[in-house]
Amino acid sequence: MSFSYDNELWNGHTAVTDRFEEGRRTMADMVKFMTERQQIEDTYLKNVQKFVSKLSGFCEQGTFGSAWNQVKATNEVHARERAELGNLLLNDFARPVESLRQELYMQKEALVTEFKNLARDMARNQGEFAKTKSAYLAASQNSENALFNYESARKNPGFPPKKLTALSALRDKLRAEAEAADEAYKAQVTEFSAFQEHYEKSMKRILVLFQKNEERRLVFLKETMQKYVSMHETFLEKQEKHNATLRNVIGAVDGVHDIQKFLTASSTGKQPDPLAEYEPYNSSMSLNLPDAPPPVAPTGTASSGRSGNRKKYALSLFAGRKKSTAGESSTPPPSSSPTSSSPSSGSGPLPPTSSGPPPTASLPPPGNPSPAGPPRGGVPMMGMPVAAFGPNGPGVPGMRGTGQHRGVPRGMVGRGAPRGGMRGRGGVPMRGRGMPMRGRGRPPSHGHAVGPGGSLPPGVLCVASAKFKYSAQDETELSMEVGDLINITKKEEGWWTGYITNPNESGMMPCNYVEVVQEPGPVAAASSPGLARRAAGPPPTAAIPPAKPQCL
């Protein structure tokens, strides 16, 4: 059983027009797609031709150059064929679809206009029919009422004859009007029935035309899509032929033959130069020069103040260097830290590159006492007990200080001896050069805290003296200068922990950079074994700090 618009869509003109608009939008989408496809193919052809034109000046010799030229030419042919396909799609697909779309739209507009006219006439005829019918019913009702009134009055013996005559006349008049309304109503029924038949035929014809146009649209689009597939198949066949030719050309590429042909055409006929041979130098003259004099140790008289101390210190270093080079090995221990540097540098210890004692700046001060004040870096003066620099020690006569800095001049800052601000006996300021000498940017080390009777502060295991300068690599380590006194609070394998003056500024240091100068127990003697060793000669070569404990 087949359905039709005229049977299934009666009085459903909204569904019919909606279906038509969907098909119209589909055709518009197809036309737009094919039109833009043609534009894309045309642009692609122009771009490929432009690229091939730019690259046409270069041509490699041999089979590979020929193959590459064939590839470029084949791409240009492909682009041209694609442009031709785009033109076919535009002429045989997009334009016919657009033409049908416009034709169906015009027919749809005519059918919609006819439908609207029929609907308007139907509404008018329905109104007239309803009006005539209403008048007929009213006239019939009035005639019936007049007849009833007349019959009632006639049967009443006491009803006045004159009024009875009037009711009879009214009855006859209304009866005539009812008969006229009846005739008009019958005529209207006949006319309206005829219009209804015309309306039904016209509406069915319109619905059938909508259905035929829809069927025509779908059949045409199907044929157009089949034509599109056929055009693509033809295009792909041409592409495959070109690709087969290209495969044969590429398969014929012979790189070895190309290289041999190149070597035959470009051979220079030359050979490499012979290898160089050693030719000894033959001198035509003899040189008789006197031997160089032996080195003489520096001599001089010691002067007063720090000038004399420097000369004595240099002589002691010279003597100690001779002794150390004769009896000790300066080979550094194996490195255990990948980021070590020289002890005398600011970035951390590194193993020395040559044998011999470390540089002078890394050596501890000489063992002789200095009349200019305490040694650099807070090391007690030679000849003074270590406990003299604690909070309870007697201090250095003539020097004023407080707390754990007792016995240390207030004007001393850094590593140098104070130039000013130093107080003598009785608290009278000593005249210097006005300003205290500054060190190298770090606070001075004035010594360690020693308890009463030479005991160590709580938590301190021992007191050590820095043999070499060390710069902290991070916030967990402690920077120190040569001669700094450090209160050791913790010992681990290779690394010790301690502080100089403030327990809150504690940090780690390599244990082989310091030496113990005071153990728990009695106060150390004026010349401890560590100080005696430093006074006897230069310290061993700076050791490499061990690996930092992972737990910290």
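Visitor: What makes E98 and R101 about one helical turn apart in this predicted model?
Guide: Their spacing in helix α3, residues 63–154. E98 and R101 are three residues apart there, so about one helical turn separates them.

Visitor: Why is the contact of E98 with R101 called a salt bridge?
Guide: The closest N and O atoms are 3.2 Å apart. The cut-off is within 4 Å, so the pair counts.

Visitor: Why is E98 called partly exposed?
Guide: E98 has 24% relative accessibility. Buried needs under 20% and exposed needs over 50%, so E98 falls in between.

Visitor: And R101, why is that residue called buried?
Guide: R101 has 14% relative accessibility. That is under 20%, so R101 is buried.

Visitor: How do you know that R120 and D121 form a salt bridge?
Guide: Their closest N and O atoms are 3.9 Å apart. That is within 4 Å, so the name applies.

Visitor: What makes E214 and R217 a salt bridge?
Guide: Their N to O distance is 2.6 Å. That is within 4 Å, so they qualify. Both residues are buried. Salt bridges that share partners join R19, E214 and R217 into one network.

Visitor: How many salt bridges does the structure hold?
Guide: It holds 19.

Conventions:
Residues numbered from 1 in each chain as written. Predicted model: local features only at pLDDT ≥ 70, side-chain atom pairs only at ≥ 80, totals over all residues. Heavy atoms only, no water. Salt bridge = Lys/Arg side-chain N within 4 Å of Asp/Glu carboxyl O. Helix = DSSP H or I, 4+ residues; strand = E, 2+ residues; numbered from the N terminus. Buried < 20%, exposed > 50% of the residue type's maximum accessible area, 1.4 Å probe, protein only.
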